[in-house]
Amino acid sequence: MATLVNHPDEVKIVSRRFGQGAANIDRYLELDGYKAVQKALELGPDGIIAEMKASNLRGRGGAGFPTGLKWSFVPKESAKPKYVLCNGDESEPGTCKDRLIFEHDPHSVIEGAMIAAIAVGSHAAYIYIRGEYRYLLEIMQKAIADAYAKGFAGKNIFGSGYDLEVYWHGGAGAYEVGEESALMESLEGKRGVPRIRPPFPAVVGLWGGPTVINNAETLASVPHVLLMGGKAYAEVGVERNGGTRLFSLSGHLARPGVYELPLGYSLRKAIYEVGGGVANGRQLKAVVPGGSSTPCLKADEIDIALDFDSTMKAGTMLGSGGIVVLDDQTCIVKFALRTIQFYRHESCGWCIPCREGTDWLQKSLKRFHAGGGVAKDIDNIRYLAENMLGRTFCPLGDAAAMPILGFVKKFREEFEAHLDGRPCPFGQHDAPHALPVLSH
Amino acid sequence: MADATQNVTLTVNGKTITAAKGTLLIEACKQNGIEIPAFCYYPGLSLQGACRMCLVEIEKMPKMQTACTTPVAEGMVVQTETEKVVQARKSTLEILLANHPLDCPVCDAGGECELQDMTYKYGAGESKFIDIKSHRDEQQWSPVIFYDRPRCILCYRCVRVCGEGMDVWALGIQNRGQGSVIAPNQGGKLDCEDCGECIDICPVGALTSSTYRYKTRPWEMTHTGTVCAHCADGCITTVGVRRSDTGSEIVRCDNRDRSGLNDDFLCGKGRFAFDFASSKERVTTPLIKRDGKFVAATWAEAVELVAARFKKAGASLGVIGSNHTTNEENYLLQKFARTVLRTNHIDHHRTADYPSFARAIASSKAQTASLKDVAAASAVLLIGGNPSEEHPFLAWQLRTAVRQHRQKIYVVNAAPIKLKKQAAHFLQVTSGKEGEFAAAFSGDAAALAHLGVDTARFDPFTAALASESSLLVVFGSELRGAGIDKLVATFAPKGAKFLCLGDYANSRGAADMGLFPDLLPGYQKAENSGLALPQMLDAAAAGTFEALWVVGANPAARHADVNAFAKPFLVVQDMFLTETAQHADVFLPASFAYEKAGTVTNTAGDLQRLKKASDVHGVKPDFEIILRIAEKMGADINALVPFRGYTSADAGQSRGPQSGEADRNAVFTEARGLEAKTSPLDPTITLEEIAQTVPGYAVSRLKLLAGEAQPTTLVQIDPAGIASHSELIVPARNGLYASGTLGGYSETLRAMGATHRAAEPVGAD
Ligand SMILES: Cc1cc2nc3c(=O)[nH]c(=O)nc-3n(C[C@H](O)[C@H](O)[C@H](O)COP(=O)(O)O)c2cc1C
Ligand code: SF4
Ligand code: SF4
Ligand code: SF4
Ligand code: SF4
Ligand code: FES
C-alpha cells in the first residue's frame, strides 16, 4: 500500500477521497458517491457529452485526447453492442497514479465508467486492471460486487429502466496491452497485439462493437465533472486543458509521491516546491516529464507549464504525468540503457522496426555503457531511433525511440565520454562480464 | 472488399489511376504497374500491417501509411518513392538483416528469397551493427516440416495460410518482442495435414521441407509445369528436377508460379509424395520370369516375348488399364486391344460411376462443372464424398469461396465431415442412402424415410436450397446408377451444374477414353461387350484366359484369388513389383506421369497437359511400350497412331526434354512446305484423334498447349445403351496420406501417415 503525500498547492478533486476509506461503498456514498451517475441519467447522452466537452477534460492515459469529443464519435445506432472500457493497465515507468485510485477510490472508476456508458448508450462496462496489480483487482472485485448488491449496477440501475453490467478483467503482464486496441485483443482472450486502425474503437472496438476506452484517471474524473459542472471543472485548469491531474513525482527528489495539481502548473515548481527539490543536495541534470516514453528536458528547460500543449511546444509530452527527476550524478547512457531494456522487454514483436529496433538499441547501448563503444555507435543509436519513429504499427515504437533520441541529441557529450573503453564517468559501470564479445 | 461497380480516382507518383472502390492501395498500385514492396501482405489472407515495408506517403497524413491496409480514396495523392519512403524501406531491411543469419549460401531459399530480392532492390549495402545476432536452434515439427527461427522475419503468412487457408490452425506465435517465434499450437510438434502450404508461402528459408532441404540450389533445377500425379483434382505442379546418375531426380513440387486453377495450392501428397520416383524399389529394367525367378532382360527380348504370346492368345486375352496413364495411352490401349488384339475384355478399376453420370448429363442436357466453376459458385450442394480427405484442392476451393465471397455450402452426408464447419446447412443422412436425397427433395416420402431425417431438419434445409438461384452439385461415389439419374434430373431444370467425384489423377480420363468392356471412348456403346474386371479375373483364375495384360494397375491388391494372376501369361507394365507384378511373366518398367507427355482429365472433366519433367534410365512411357508391342506383332502402326510420314517406331525419341513434345523437326519442315515427319511416339497425334472422335473433347488445342485447363463436356454423347454397373465401383478412400499403390512406395507419405494418424487401408491402383 502506497503512502499518501500532501502539498498545499494541490487541488484535490480526483484524489479527494484518498485516505477516506472510500473503497467501502457506504463511505463512498457519504462522500457524494453515485450522485453523479444519477445526475447523468437525468442529463441523458447529449447532456452528459455537453458537460464533458465544456470540461476540457483530456485523456489521462497519455495522448490527451478530449474525452467529450471521443465519446461523441460513438454512433448512436449500432447493430452490435457498445462497450465502455476502463484502461487500468498502468505500466508506463514513472507512472503510479491509477493504482492509488483503484486502492482508495475504486467506486469513482465504476461510476465514471457507468456515466460513459450512459453517454454512449452502452450496457456493458469492463474495468481492465494490470496483471501485476493483483491486490487492486481484489479491491475492484469487491467494489463491483457491492455496487451490484446495492442495485447500482445490473438491471434497471437506480430504477431508471437502464441496464448496465459492470465487469472486471485482470491483465497478464504486458505493458503493450495498455495500448487500446491491444487491450481489446487481450480482453477477448487473444495475444496482446494491437489492431489495424482505422477502424477506430469508437466504431469497431471490443468484439466488433463501438467502444469507448478511457484511462482509469480519466473515468475517475468524470463524476467530478458532472458534480462540479463542466465549466467549473475546466476553470481549474488552463485553456484547452481542464481540471487537474495526478502527477507521479519520482526519481532523485526529496519528497517523491503522487500529487494532484491543476493543469498548467509550473514544472519547476512541481520539482522544487511540491517534490521538495533534488534529493541529497545535488543538482538537477534532466527531467523526464510524462513517463519514460517522453523525451527528457535538460535542467534549463524546465520553465514550462504542465499541460498538453506547453509540453508539446517544448518538444516533449505530458504523457501519463510521470515526472522522473535525474540528478547530476546520473549516467544518461545507463539511463538510456535502462529505458530501452524496458521497451525491448515490452515490445510485442508484431512489427519489424520496433521488434528489431529495440533489440539493437539495447545491444548497442549495453555494450556501449559497458565500455565497448565505438565512435560510430552514437550515430547508429540515433539512426536506429530515428528510423523507428513514426514507422511502427503502434505508438510503442515511438515510445521507445523518442526518449533515446532525446538522450543522444541532448547529452551527446556523455555518450562521447564513454568512448574508447573509458570508465563510466559516473562510476556506474556494469560488471566487466557484461561486455559482450564483438563479432569483429 | 473491392466494389467493382464504383471507381475512385487517385494520384500515385504524379500518375492518375483509377481503381474499384475499396481496393487496397497496394493492389491498386500493382494493377497500374507501380510496385510497393511487401512481406506480410499476401493477397487473399487477412491484413497484418506488420512488416512496414509498404509504407508510403499520402498527402494530408502526417505519418507514412501502410499501402497494404489503406483502401484507395477519391482524390488521394500518394508518393511511393520519396526519399523518406526509400529510407524507411532501407532501414527496415537493415535491422531485419541485423539479426538474420545471412546463411544464404546454404539456405534452401537462396536465390528464391523475397528477403534477398528486397535487399537487392531496396536494401543497404553495408552493415552498421557489430553486436552478436540472436540465435535459436532449428526445430523439426513434423516428418516434413522444419523451422529455423533466425531466418524467420515474422510475416505471419504461415500462421494465416494454415488457419485461414487450410482451416487447420496448427500454427501460432509464441513469446513476444525479439523472443517471438512461430510455433505449433499443440506442444512442440505439428498435429496438422502436412500440406506444406506454410513452407511454400514463407518468403524466406525459415520453413523448409525434409524433401528439399539442403538437396540443391534452386538454379541447379529445371522446372516443368505439369499435373499432379495423385488425386483427381488435377492441380498444376511445377516439378523441380536435377540431373542425377540415374537420369534425373525430382527434388521439389510446388506451384509458386500460380499457373493453373490451384493457384499456389498443393496438398501434402502433391507437394511431398514424389519420392517414389527415385525409390530403391523402382524397377528400371525389363524382367522375364524364368523358373519362377525374375531375370533382367533387354527391351527387345521382353517385347518380343510379349508379342509372341499375345499373338498366340488371340482374343483369349484380358486387358486391365489404369487410372494413372494418360488419355492418349488409354485411348491407344483400347484401340490396340479392340482393333489389333481383337478383344473386348478391357476394363479398369472404377472409382466413380462416370458412365451413369455421362448418361444422366446427356439425357437431361445438363451442364457439367469445371473446377473453375467451384470457386465462382454462389451455392454448392455437396452430397456424399469427403473433399477435405479425398479432394484436398476442391475442399480448399470451397473454403476459400466461403471466406471470400460467402459461398453457401449445403452438405448432405452420412458423417459430420470436416466441411460441415464451412457449410451453411448440414444434413446428416443414413449411410448408403445419400442417393435418395434428390427423390426426397422432390417430395418422395419413402425416400425421406430412407434418409432417416425428420421433416423438422429436412424442410429448412430444402427450403433454403430451393431458394438458391444458381447451384453447383458435387457428389461422391456413394451416388451411382439411378441415384445419379435422379439427382441430375432433379436439379438440371434449375440450371445446376454437376461434378462427379472419382479418385485418381486420370480416373475420369480412363472412363472417357473407353477403358470399359461395353463402352468405347466417349461412352459409345460397343457392339459386343467383353468381360468386366472381376469376371476377367475369374476367367483368368479358371484358366480360360491365355494372357492377362495389366497396364499401370494393381488388381491383386483388391482380388484375393492369386490364380487370376498366376494362371495366365501375365504381362505387367508398372514402376514397382506390386502385388500384381510379382506374378508377372514379363515385367515392363514404365515411366509415370512426371516422366512423360500427354493429357489427363480431372474429375471435373478439365483436360490438362502433362509435360515431361524428369527422366529415369531404362523405363519407357506406356505409350511407347504399347507401340513397341504392336510393332513386334506386325500391326499397322500408322493405323494406330496416324502420324504423317512413316518412320520406324524406334525413331521416336524416348529420352531427353523434347521427347513426346510437339516434334520440332516437323514444325520446321512443315513451315517450309516440306513433308512433315511426325514421330509415332508423339502422343499429340493421338490427342488430335481424340479431339476428333471423342464427344466433348474438341477443345482448343492452342489454349491447352498454352497451359489452360480445357473443360470437356458430356452433353453431346449418346446416352442410349449406357448401362449402370454400380457393383463394379470400388472407391479408393485414399485420404490425405495415401495414394493407392503408388503412395505406398513414397517413404515421405508413409511417414506423414504414420505421424498424423493410424495407418489407413491403402486402396489399390
Ligand atoms: C504502448 C502503449 C501503452 C499504453 N498504456 C496505457 C496505460 O497503461 N493506461 C492507459 O490509460 N493508457 C495507455 N495507453 C494509451 C491508450 O492507448 C489510450 O490512448 C488511452 O487508454 C485512452 O484513454 P484516455 O483518452 O482516457 O487517455 C498506452 C498507449 C500505448 C501506445
Ligand atoms: S510498435 Fe510494433 S512491435 Fe512494438 S509494440 Fe507496437 S506493434 Fe508491437
Ligand atoms: S503443413 Fe499445412 S496444415 Fe501443417 S502447419 Fe503448415 S500450413 Fe498448417
Ligand atoms: S516462418 Fe516464414 S512465413 Fe512464417 S512468419 Fe516466419 S518468415 Fe513468415
Ligand atoms: S489436391 Fe489432388 S491434385 Fe491437388 S496436389 Fe493434392 S493430390 Fe494433387
Ligand atoms: S506489407 Fe504492409 S505492413 Fe507488411
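Domain bounds here come from an automatic or database domain assignment. The model itself is predicted. For chain A, the assignment gives domain 1 (25-236), domain 2 (244-327) and domain 3 (332-434).

Start with domains 2 and 3 of chain A. Their centres, taken over C-alpha atoms, are separated by 23 Å. The two domains touch. Seven residues of domain 2 of chain A are in contact with 10 residues of domain 3 of chain A. On the domain 2 side, three of these residues are nonpolar, three are polar and one is charged.

Now turn to ligand 1. Domain 1 (25-236) and domain 3 (332-434) of chain A both give residues to its shell, so ligand 1 lies between them. There are 24 residues around ligand 1. Those that come nearest are Gly59(A), Gly61(A), Gly178(A), Asn215(A) and Thr218(A). The largest share, three residues, comes from β4(A). By class, the shell has eight nonpolar, nine polar and seven charged residues.

The axes of α2 (residues 83-99) and α3 (residues 114-122) of chain B come within 10 Å and cross at roughly 135 degrees. From α2(B), the contact uses Arg89(B), Lys90(B), Leu93(B) and Leu97(B). From α3(B), Met118(B), Thr119(B) and Tyr122(B) take part. Four residues of this contact are nonpolar, one is polar and two are charged.

Notes. Residues numbered from 1 in each chain as written. Chains lettered and ligands numbered in written order. Predicted model: local features only at pLDDT ≥ 70, side-chain atom pairs only at ≥ 80, totals over all residues. Near = placed C-beta within 6 Å. Helix = DSSP H or I, 4+ residues; strand = E, 2+ residues; numbered from the N terminus. Nonpolar A, V, L, I, M, F, W, Y, C, P; charged D, E, K, R; others polar. Axes fitted to C-alpha atoms, helices over the stretch in contact; angles between N-to-C directions.
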